[in-house]
Amino acid sequence: MSEMIYIPVSTRRNVTSGFNLRQLLLRRIPILAWIPQYSSSKLLQDILAGLTVGLTAIPQGIAYAIVAGLPAQYGLYSSFMGCFVYLVFGSCKDITVGPTAIMALLSQQHVIRLGEDIAVLLCFLTGCVILLMGLLHLGFLVEFVSMPVISGFTNAAAIIIGTSQLGTLLGLSGRSDSFVDAISKVVNHFDKITFWDPLLGICSMILLVCLKKLPGKKGGTMGEKFMWVTSLARNAVVVIFGIILNRSLFSYGIKIFKSTGNITEGLPPFAPPPFSLTKGNHTYHFQELIGELGSTVISVPLIAILESIAIAKAFAKGRTVDANQEMLALGLCNIFGSFSRSMPTTGSFTRTAVNNASGVKTPMGGVITGCLVLLACGLLTSTFQFIPKATLAAVIIVAMYYMLELRIFLVLWRTKKIDLIPLTVTLSSCLAIGPEYGMIGGIVVNLILLLYFAARPGLLIEERVVDGLTILFVSPKQSLSYPAAEYLRERVMSWCDTRPGTIPVVVEGRHVLRIDATVAKNLALLLADLEARDQRLVFWNWCEQAKRTLTSYDASLHASFKSSGSVGQIFSPRTATRE
């Protein structure tokens, strides 16, 4: 017989706690799980993907900084720190964290009023809120924002951002604050539209679309591989073309295109985010800045979470996505980013798609992207000043065109037409009032619909004839909660009022998995009302949990419960109509 080895309780506890600690570290610091298996072949793939994404991240970052009303270099400042932080804490190999069009749009109104520092502070606060939600495991809250609301917001953001660049595309000066302002600006200054800027912008848009449709293959011939890389890096190709054209003309003294102008050279200062700022003659302290930001402190983190987790799920390919870990990673990306003058960031769908198509193997690809952005900050800012504004406007407008989801209207019309209500409310409110309030409005409408259907559950009410006896058969189609309690009682009594006689009422509970005290109270009142009319009430086929709630509220209800064996005859062929 083999000797039994005894492990003291204290030792076993230490082994278990050590195991739990290891699992916790692997879950919360994912780099520890994949770095031991990292190889040179994976590194080569990550370098290729990182360089390709970097060629997309640089022009997009500059463009989104302009959308936010920030100097162009802030787009570069926002594009590298998230890559480094996500390497350690990110759980999805494809995601690239950086500035996005929606984050830029939500920051814009505050930047216009209070300047650049408010975007950096908003980045820090966004990171703190997201990190706190991740620590408290509040990832489930994003499930309360439905797909129609998200689609409405995304479509509205695409329209607002796209129209905000119309003036720039047409060579008009100034910036627009909203969708209505952008349209009115073009209409009111139609006579000031230049010729060369719109021409360059339209040519850039055509070139972007053509490059996107190049028939390249990652695993094809050299020519096909070249077309594949060119298609992925099309934004960089178009911007480089614009720079070469503008600089060539500039060297001959020809200035026909409006340019981005001087871009601050060098790396951003590494310093804490500003907790106070001075605008004009007034100094805003931290509490005042929180008041100025208002609901943005909540809406920006929420939308950043929605955007990042939706992207993670889209590229998970069957793997489970730990929403809380993604929130921790995104929160830390924003907190550390605020120390390098970043505006709020989140996962970018465009750059993530490029990353995935490039065959990235690990989050190490993001490090290569971040290094390329840092290189651009240090060496290429003098070149970036020649980027034509019309070219950047074309990059943004084309990106927003592909962000539109107009097909969602047809999908909802075919599936569930009532979902068009929150979609339309969100879209129209975002365009008329603003993206933050539009999002809130869509969520409120969605919750109202949710409460309405909870208060008005589906009910099957019909008369049945069983062995010559007519009964009223009532079957709720879902679990019952307090908003539906009075509704169920009123519908049964209204039916009984229209039918002469004292037929018994059978309430089937097959679909009722839970009830609350308010429902129990109203069912007890229904029993009393029917007894006053000499009508019998029978509860049939109820689960134990719902039965326990009813009898705990009123013990006399116990006598009204019947098993399936005693009233099975009520399922005989019926002779009445469905409600």
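Search the whole structure for cavities of 30 Å³ or more and you'll find two. Keep in mind that what you're looking at is a predicted model. How do you spot gaps like these? Rolling a probe the size of a water molecule over the atoms shows where empty space is left.

Let's start with the largest cavity, which holds about 60 Å³ of space. Which helix gives the most to its lining? That's helix α5, covering residues 81–89, with four residues. Sort the lining of the largest cavity by class and you get six nonpolar residues, four polar ones and one charged.

Now move over to the second largest cavity, with a volume of about 40 Å³. Two helices, α6 (101–114) and α8 (147–164), each supply at least two residues of its lining. Which of the elements has the largest share here? It's α8, with three residues. Look for Ile160, Ile161 and Ser164 in the lining, and for Leu105 and Gln108 as well. Val67 lines this cavity too, and so do Ser176, Asp177 and Ser178. By class, the lining of the second largest cavity has four nonpolar residues, four polar ones and one charged.

Technical notes. Residues are numbered from 1 along each chain as its sequence is written. This is a predicted model: local features need pLDDT of at least 70, side-chain atom pairs count only at pLDDT 80 or more; totals for chains, interfaces and linings use all residues. Side-chain values use heavy atoms; hydrogens and water are left out. On a 1 Å grid over the protein atoms alone, a cavity is a set of points where a 1.4 Å probe fits but cannot get out, and a pocket is an open set with protein on both sides within 12 Å along at least five of seven lines; lining residues have an atom within 4 Å of a point. Grid points are joined across faces, edges and corners, and a volume is the space filled by probe spheres set on the points. Ala, Val, Leu, Ile, Met, Phe, Trp, Tyr, Cys and Pro count as nonpolar, Asp, Glu, Lys and Arg as charged, and the others, Gly among them, as polar.
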